[in-house]
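Me: I am new to this structure and would like to learn how to read it. Could you take me through it one feature at a time?

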Amino acid sequence: MPALKNSLKQFVKVGLLMALNFVKGHPKLRLYVTTVVRKLGSNSVTRFVYTHLTMDAYSPVINFNYFIPKDVSHLTPRASQIYLDLKKAIERLQQENR
Amino acid sequence: MRLVIDMQGAQTPFSRYRGVGRYTMGLVKALLRDPRDHEIYLALNGAFQDAIDAIRGEFEGLLPQENICVWQQFYDCSAINPHLAQGKWAAEVSRETFLNNLNPDIIFSTNLQEGWYDPAPTSVKVLPSHALFCTTLHDVIPLVYPERYLAAQAIRAWYNEKIEGVRKSDIILTVSEHSKKEIVDLVGVPSDRVAVIYNAVDSLKFKQRNISSDRRDALLAYLGISSPFLLYSGGGDAHKNLHRLYQAFARLPLELRKSHQLVMVGKELHSEQNIHQRILKKLGINASVVFTGYVDDDDLISLYNLCKLFVFPSLHEGFGLPPLEAMACGAPVVASQAASLPEVVGLKEALFDPYDEIDIARKMECALRDFKFRERLRLNGIARVASFSWDNSASKLLDLFDMVGNKLKKNNVSVVNERLTISSAGDISEPVSAVIKGIMTRPIAAQLKPQEMMAIAISLAETYSAETGRSRKLFLDVSAVIKTRDCTGIQRVVRAICYELVRDCKGIEVVPVYTNIDEHEFYQAGLLIDNILGNLADTTENSHIEFCSGDILLYFDLHPGVAISNIDKTRYLRNKGVTVYHVVYDLLPVQYPQYFWPGLCDEFVTWLKAVSYADGALCISRTVALELRQWLDTNIPRRKRPFKIGWFHLGADFENSILFLGMPPDGYDTIGKLASGSSFLVVGTIEPRKGQVQILAAFEQLWAVGMDVNLVIVGKKGWGSKNFANKLLSHPQRGSRLYWIEGISDEYLEKIYTSCICLIAASEAEGFGLPLIEAAQHKISIIARDIPVFREVAGDHAFYFNGREPQALTKAVRQWLELDSQGKVPKSDNMPRLTWKQSAEQLIKVVLGLSQRGETQFLDQYVN
């Protein structure tokens, strides 16, 4: 049961983050949601939502997508080799953890 | 000792513009001004590219750029996103491996509390290290107000992790005695492990200034300030106690409120303005309060100088930098008596009870009404500031490091001057393996997703070279030669210099490379290398180029599309420590737009702007270098890192260039005809700027009066020359006295040079004038238009003319023929000229910075 509860919690959290990302992409909606959240008062959920919606001032300067290709086949030979080494190491770790 | 300083405190958007950012920059600059016998390296996080450029600019001249090292991190690991926990762990391992790889004796983190909002990993000893960790903890405000700042479980866990990092640190620094006391009480570390290194202000910047009335009026009008004003600058957190400041302002007598404004400076305040405005509206003072948002240092200093009173009502501070800055600028300061502020302000009568808005209002009113009180506050501030200087703080910090170093030496536990490898997390000589091994030491690594693994792989590939300890390389971008293979003059230059440099270059390995527009990766130009070295085709691979700090990329070809599409790449490479230069052949499209089609002029301007993103430019003559400097001064804003402008001269050396061989069927017949008479040669693409129209008209006049002279025009038809080309093709003298030869081989051109008696260079503008050098090499005379670059190249070894009319040139040719008959024409034989080998050597000398500022070969300037 605790495992199920944790999974459910994680699921809700990820879903909430996705929803927040959507809201952040729509300025008017974001303004509306932040106003509503402020009116709801301060608790851990509203604080979480509010912080996420107003964290733009601290968003990273770099556009990571500029550097990261969509597909492994577009990696440079060296990055590709490092990726494979990392992948193998993670697979080994996953096997050990089983 | 070697100090490695983690500069993320001056990089993250969260800290960069706050006290932490100022502390980091101020203290590190002071350390660099007098590092004693310590070596200092700065470590920067590649996730904050904009800050890297700014930091490199700030430290220009204080620290060699190679001592500024960047670890690349192309993935988010901010703790606010709990689902990125595995990325955060990978980032911490990567950072520590990078820092250890710099062989530090001390790793100094100027703020461990980074990484909640930003992808800024900070950790202490998650990997074994021989270095001592020194950490600054600016305050423990979240521990003082846990219900306010640590209510959420995620932030509590993150903050506790940071506090644990502080506990693990060998040296803990803080910024005031008050903070030290709180750290000892709340973090639970012994008092002797915590040292106070005070914040300070840059006294050269933050000082009293005479602000002209024009400047004052413009600034105040721009910010919406119309009355004498009280000033606050800083953050908007709850402990800043701003609501009481508003209440106190509202309590001021009506005439004071009406005659004064309250000016609130700060980035956060601006973004949260609507919250503040609601409070102000309720108090009925919203019309008297101005929110400026972020203002740069220059404006901030002006505001400090202009304000009537600076008020700082904070309930809690680690130090309280804004009041100190205000005092340095001669502002009267009243501040809260809480936390560290009495230490900073020093004068009891300048303090008020921050929990009592009546007391705040009373102090403000007293200061606003009483000039003598304000003067006392002002004089106190100026005297007080003298005891806070970054040089003192840096000196105290170095004393501390020296003491620790000596202690370790005495106990024979020295890390000093002993470079060891780390065995348990992997050998640091193999940092990529060490990072992977390090990441795998925690089970959370199993949660890394393919996209995260790709990002980590790219970050590591970009941070560490595959060839460990390889020497620096000079990469020559020859994309246009590889892609278009036109026989333009520029491509002749590129091929000739590549030929020399690839075969033999002392001091640095030279690799020709190319790129594709929109791809942003560079590849070795295998075919060109094989051609130069005489290898069989496909011997050299077109392998992917890996740039390392210390390398140089020289955009040698003129390929505007490549330079323009690579602006971000150029910025990235420079941030990484690669020096990027462009070769500038001329500025003709911006100087003489009438000679070029509009699209080209626009593209050229865009290209020049792209050039300005590099470290500098190498021009093919001093004239072009001066013209470029003038253009940049006029068109590009100033920047902190110098834009270096150097110049070199082109060579001429037919026998040692890569020659295009071959003679046309009638070639020898033409050569015979030219050699048998007085033949004048014109070399260059046919276009309006080159003056061929004037030359032909002049020769028509000479032929009309029966003079027996030949005119040979060598060059392809260029832009805007259709009518002239048709005229040449249908000219009655064509084939007898007039010759137009297109698409000529190097071999044929050389033979034509030897069969002519004089070169006519009538261009109205040129970058260099290579035909002049070629003429001198073939010992034929020169008639040249009197323009600066021809004077630079030919000096007294040419016969010059002025004027755009045919008669001017007709007269010049006649005079020249008369002088020739008397043996008095200026000879080109002794004209100073370079072979391509010498030209390449000159280029390398400038590129490698052997020509220092002040020498004629290198023009330094500060432009953006």
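Me: How many residue pairs are in polar contact between chain B and chain A?
Reply: A polar contact is a pair of N or O atoms within 3.5 Å; within protein, one must be able to donate a hydrogen and the other to accept it, and residues adjacent in sequence count only if both atoms are side-chain atoms. Between chain B and chain A the count is 3 residue pairs, both residues at pLDDT 80 or more.

Me: Which elements of chain B touch chain A?
Reply: Helices (H or I, at least four residues) and strands (E, at least two) are DSSP runs, numbered from the N terminus. Those giving two or more residues to this side of chain B include α2 (49-58), α12 (273-283) and α25 (567-576). The most comes from α20(B), with 10 residues.

Me: Why mention pLDDT, and how are things numbered?
Reply: This is a predicted model: local features need pLDDT of at least 70, side-chain atom pairs count only at pLDDT 80 or more, and totals for chains, interfaces and linings use all residues. Residues are numbered from 1 along each chain as its sequence is written, chains are lettered from A and ligands numbered from 1 in the order in which they are written, and side-chain values use heavy atoms, with hydrogens and water left out.

Me: Which residues form the salt bridge between the chains?
Reply: A salt bridge is a side-chain nitrogen of Lys or Arg within 4 Å of a carboxyl oxygen of Asp or Glu. The count between chain B and chain A is 1. Arg78(A) pairs with Glu546(B), and their closest N and O atoms are 2.8 Å apart.

Me: What is the area buried between chain B and chain A?
Reply: The size of an interface is often given as the accessible area lost when the parts come together. Buried area is that loss for two parts (1.4 Å probe), summed over both. Here the value is about 3,900 Å², and carbon and sulfur atoms give 74% of that. Contact means heavy atoms within 4.5 Å. By that rule, 54 residues of chain B meet 37 residues of chain A.

Me: Which strands pair with β9(B)?
Reply: Two strands pair if DSSP finds at least two bridges between them. Strand β8(B), residues 229-233, runs parallel to β9(B) and is joined to it by 5 bridges. There, Leu230(B) stands opposite Leu262(B). Strand β10(B), residues 289-293, is also parallel to β9(B), over 4 bridges. Val265(B) has Gly293(B) as its bridge partner.

Me: What surrounds Met264(B)?
Reply: In soluble globular proteins, nonpolar side chains tend to be buried together. A nonpolar core is a set of buried Ala, Val, Leu, Ile, Met, Phe, Trp, Tyr and Cys residues joined through side-chain atoms within 4.5 Å. The largest one has 102 residues, and Met264(B) is among those with the most contacts inside it, as is Leu303(B). Apart from it lies another core, of 84 residues, including Ala89(A) and Trp71(B). Leaving out residues up to four places away in sequence, the contacts of Met264(B) include Tyr232(B), Leu242(B) and Phe291(B).

Me: Where does Ser169(B) lie?
Reply: Ser169(B) sits in the loop between α6 (153-168) and β6 (171-174) of chain B. Ser169(B) is buried, at 1% relative accessible area. Its side chain makes a polar contact of 2.7 Å with the side chain of Thr135(B). The side chain of Ser169(B) also reaches the backbone oxygen of Gly165(B), at 2.9 Å.

Conventions
Buried < 20%, exposed > 50% of the residue type's maximum accessible area, 1.4 Å probe, protein only.
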